[in-house]
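Visitor: I am new to this structure and would like to learn how to read it. Please show it to me, and then we can go through some features.

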Amino acid sequence: MEIENTTKIKGEILLGIIFALELYALPVQFYLLLKSPEFTFFSAAVRFFSFFTITTNSIVFISTTMLLFGGKCKINSFFRKCKTITAITVYILIVGIVFNLLLRQIVDLKGHHLIVSEIFHTVVPVLFFFYWLFFVSPEKISFKVILFWLIYPLIYMIYTLLHGFISSFYPYPFIDVTKLGLKTALINGLFVLIAFVILSVILIFISKIRTKASR
């Protein structure tokens with residue numbers, strides 16, 4: 001019983017750290033965007049939430065908020081499910097993997113821009129993965145659930161393409177239709193979706209192993 005309580009406290013401390021990081025980074029990133037004279041509040045908000053990094057870190061912020069302060073409300077029971085936390089872990093890990101493999105070399109960030117970028121793309125993905133791995137009770141998860149997990153990135157990709165056609169703004173260079181053409185952008189998007197599937201399979205497989213080991 002004492003070990004369980006200690007583990008729970010450690011998990012809540014880790015969640016608290018993630019919550020605090022997001023509580024700092026998300027508003028600061030929006031403020032940095034809003035400072036640009038080309039944006040109104042509304043256009044800055046649209047641009048802000050046009051980044052998968054921002055929408056996913058927002059999901060992490062909402063989930064940590066619910067896990068820490070949600071109590072016994074019905075919505076909180078959804079966020080406490082192993083399936084839900086595993087899906088969010090996949091999303092935030094993709095944020096980190098794509099940035100560090102494809103984008104880090106082509107961006108030159110300084111000051112607060114650099115700090116929030118590291119929080120979004122490195123610190124939070126690693127910490128949330130550790131939370132999932134060490135503090136979330138494992139469950140058997142069917143591989144079929146991956147189809148549902150793909151709904152979020154698919155909706156994001158469709159929105160990004162439609163928004164790009166209207167505004168000519170694409171948040172990431174590998175899906176920039178203006179520079180790459182529609183075919184190449186779609187192929188790159190497909191590769192990202194494949195990365196989602198592969199990472200989902202890996203995490204579900206780990207969850208299955210942990211479930212067997214906990215018996």
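Visitor: Which residues have the most contacts inside the largest nonpolar core?

Guide: First, some ground rules. This is a predicted model, in which local features need pLDDT of at least 70, side-chain atom pairs count only at pLDDT 80 or more, and totals for chains, interfaces and linings use all residues. Residues are numbered from 1 along each chain as its sequence is written, and side-chain values use heavy atoms, with hydrogens and water left out.

Guide: In soluble globular proteins, nonpolar side chains tend to be buried together. A nonpolar core is a set of buried Ala, Val, Leu, Ile, Met, Phe, Trp, Tyr and Cys residues joined through side-chain atoms within 4.5 Å. Buried means under 20% relative accessible area, exposed over 50%, and partly exposed in between (1.4 Å probe, protein chains only). Here the largest core has 58 residues, and W149 and F196 have the most contacts inside it.

Visitor: Which element gives the largest share of this core?

Guide: Helix α5 does, with 13 residues. Among the other elements that give two or more residues are α1 (2-34), α6 (111-135) and α10 (182-213). Elements are DSSP runs numbered from the N terminus: helices are H or I with at least four residues, strands E with at least two. Of the 22 residues of α5, 17 are buried. From first C-alpha to last, α5 reaches 30 Å, close to the 32 Å expected at 1.5 Å a residue; the expected span is 1.5 Å times one less than the number of residues.

Visitor: Which residues is W149 in contact with, leaving aside neighbours within four places in sequence?

Guide: Contact means heavy atoms within 4.5 Å. On that basis W149 is in contact with K83, T86, A87, V90, Y91, I141, S200 and I204.

Visitor: How many helices and strands does the protein chain have?

Guide: The protein chain has 10 helices and 0 strands. Of its 215 residues, 45% count as buried. The radius of gyration is taken over C-alpha atoms, and the globule rule is 2.2 Å times the number of residues to the power 0.38. For 215 residues a compact globule would have a radius near 17 Å, and the 18 Å of the protein chain agrees. The C-alpha trace spans about 55 × 35 × 35 Å along its principal axes.

Visitor: How many disulfides does the structure hold?

Guide: A disulfide is a covalent bond between the sulfur atoms of two cysteines; the test used is a pair of cysteine sulfur atoms within 2.5 Å. The structure holds 0 disulfides. For C73, the nearest cysteine sulfur is that of C82, 19 Å away. C73 counts as partly exposed because its relative accessibility is 33%, whereas C82, at 1%, counts as buried.

Visitor: Is S50 buried or exposed?

Guide: S50 counts as buried because its relative accessibility is 1%. S50 lies in the loop between α2 and α3. A polar contact is a pair of N or O atoms within 3.5 Å; within protein, one must be able to donate a hydrogen and the other to accept it, and residues adjacent in sequence count only if both atoms are side-chain atoms. The side chain of S50 makes such a contact with the side chain of Y159, at 3.3 Å.

Visitor: Where is S168 found?

Guide: S168 is in the loop between α8 and α9 (177-180). S168 has a positive phi of about 65 degrees although it is not a glycine. At 54% relative accessibility, S168 counts as exposed.
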